[in-house]
Amino acid sequence: MSSVHTPISETAEYLQAIRQRVGTIVVGQDVVVERMLIALLTSGHLLLEGMPGLAKTLLVNTLARAMHLNFRRIQFTIDLLPSDIIGSEILDERTGSFRTHKGPAFTNLLLADEINRAAPKVQGALLEAMQERKVTIGAESMPLPTPFLVIATQNPIEQSGTFELPEAQLDRFMLCHRLGYPTALEEEEILRRNLKLGVKREGAGAVARTEFDMIKEEAIGSEADLIAAMEAANHVHVSDVFLKHVVDVVERTRKHPELELGCSPRAGISLLKGSRARALLHGRDYVVPEDLFALAEDVMLHRIRLTYEALAEGKTAAAVLRGYP
Amino acid sequence: MIRLLLGLLLALAPLHAAEESVPTQRVGQPLRIDDIYIPGGEVKAKPRRDRKQPLVVRVMEVRPAKDGGRYFFEVQGLEAGRHNLAEYLEAPEGTVIPEIPLETTGELAAGLVRPHATEKGELPVLGGYRTKMITIASLWGAGLIGILLWRKKKSAATGEDFASGPTMAERLRPLVGAASKGELSTEERAKLERLVIGHWREKRSDIAVLPPAEAMVKLRTDPEAAPLVLALERWLHAPTGSTPPNDIEQLLAPYA
């Protein structure tokens, strides 16, 4: 595929093939894959909220392999240091000089697992890297690879001993998607696939195979295809009417009596960019209200804050956003 | 002879005086009997045990005197007749209370009309607090039902007024026509789109319960809603702005 002039249908087919590849390994997480692709196509970052064991790591790993991207994972803990993420200068005893050791942030897809377990200083270092797409080690400023996508996860059930991300830092995430449990049929399919995994020989012994062993090594398309898709997403037509809808929706959150904190302009930009990418994923060269509605919750919910009165009445941000009484 | 008459007079005088000195009062009226000497220990009024006792006696004052006391009473007679106050007093053992006569008269003053005897009457069929309350509550309930029925009729009549107004199709026709030609302002186009989406969410409960994104997906595939929704998408959002010659009347048919 060439770059800018790639027909929409070809780009949509390429993206659809990636979704299907991920679907062969991970069952029932198509919406999350769509959100990951939207973040990737628009250079945004994604926050995933969900219970443990929902195959988040497997999902990101599969996507990275399918798209020929580097993948690194950092498990955030209380004793993690900023240098564990961005890297540090190490003294080389042989030469007597410092050499730069690049941290795991130097990758295309970075899975920041349980980001709220780390101290604010570490969170700040990552969020700075996300925003500026470069890191400074010692006196040297180094750009991060492109594309650079952070997929952070938050575990909503284990909040003790965690450092919740403040609103200003949550705003850095383009999308915040809440992962749900698979349906009964999907769960059955997961179990069936697991039964077929078997064992693999390793050295003198053998070990049970996991889903990670099923990930295909060969990528779909090339880096050029991804760049072409990103450019195609950037050329999806946005009508004045759609812009008007976006402005109205964002403005409503700022004037809503039950919201203390409305959406920032960054939310509107994310809504617009995300809608473009979603339109492309659905084979359209123009956005429609469906794109706006589909992404509104993921873009806006983590950016708004309820008033004390609304909280006292037991309301949730999602209910307020959906306009429920 | 004179001596005999004087003797008779002196003998009868105390009798006559005794008859005149009996204090008298009407039933229920207080009677003061003052300065009665009673020898011995202190005398008190007997406590009233029941309502049958014909006198109510109060000892108002006791003044000490030689070997006894001088008493001041207030008495109310409740039954006509001659009474002995001593019977209504109690004294410590060994004390003998002399007779203290008094009379209670039951005669009404002259000229007063006596009330006539009461006759047996019948209780009314409706009466009593409970019956009254039930009646009032029933009347209140009937009034409330009347008001509700009246309002329902009124709203139905208003609905008829609305029904007789322009239909959704009539309201949409000029807007859709202008939108198909690209003659609407951005504000008007945005309003038109919301009007159509809002119409289906109001009209169809299966669409109203869905989250907006899912509702849009359903609208885009719904046989009734899809034609206009998809046409609006083409006219309002597609970059080419090409307007296939759709029959607007056909698009508006589900809104009639």
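The model shown here is predicted.

**View 1. The aromatic pair B:Y71 and B:F73**. Let's start with the rings. A pair of aromatic rings is described by the distance of the centres and the angle of the planes. Over all chains, the count comes to one aromatic pair. Its members are B:Y71 and B:F73, whose ring centres are 5.9 Å apart and whose planes meet at 10°, so the pair is stacked. B:F73 has a relative accessibility of 0% and therefore counts as buried. B:Y71, with a relative accessible area of 1%, is buried too.

**View 2. B:A65 in strand β4 of chain B**. Here we look at B:A65, which belongs to the strand spanning residues 55–65. Its relative accessibility is 25%, so B:A65 counts as partly exposed. Leaving out residues up to four places away in sequence, B:A65 touches B:Y37 and B:R70.

**View 3. A:D171 and its polar contacts with A:S264 and A:R303**. Now over to chain A, where A:D171 sits in the loop between α6 (167–170) and β9 (175–178). With a relative accessible area of 13%, A:D171 is buried. Its side chain makes a polar contact of 2.4 Å with the side chain of A:R303, and another of 3.0 Å with the side chain of A:S264. Setting aside residues up to four places away in sequence, A:D171 touches A:S264, A:R266 and A:R303.

Methods: Residues numbered from 1 in each chain as written. Chains lettered and ligands numbered in written order. Predicted model: local features only at pLDDT ≥ 70, side-chain atom pairs only at ≥ 80, totals over all residues. Heavy atoms only, no water. Phe/Tyr/Trp six-rings, centres within 6.5 Å; stacked < 30°, edge-to-face > 60°. Buried < 20%, exposed > 50% of the residue type's maximum accessible area, 1.4 Å probe, protein only. Helix = DSSP H or I, 4+ residues; strand = E, 2+ residues; numbered from the N terminus. Contact = heavy atoms within 4.5 Å. Polar contact = N/O pair within 3.5 Å; in protein donor to acceptor, adjacent residues only side chain to side chain.
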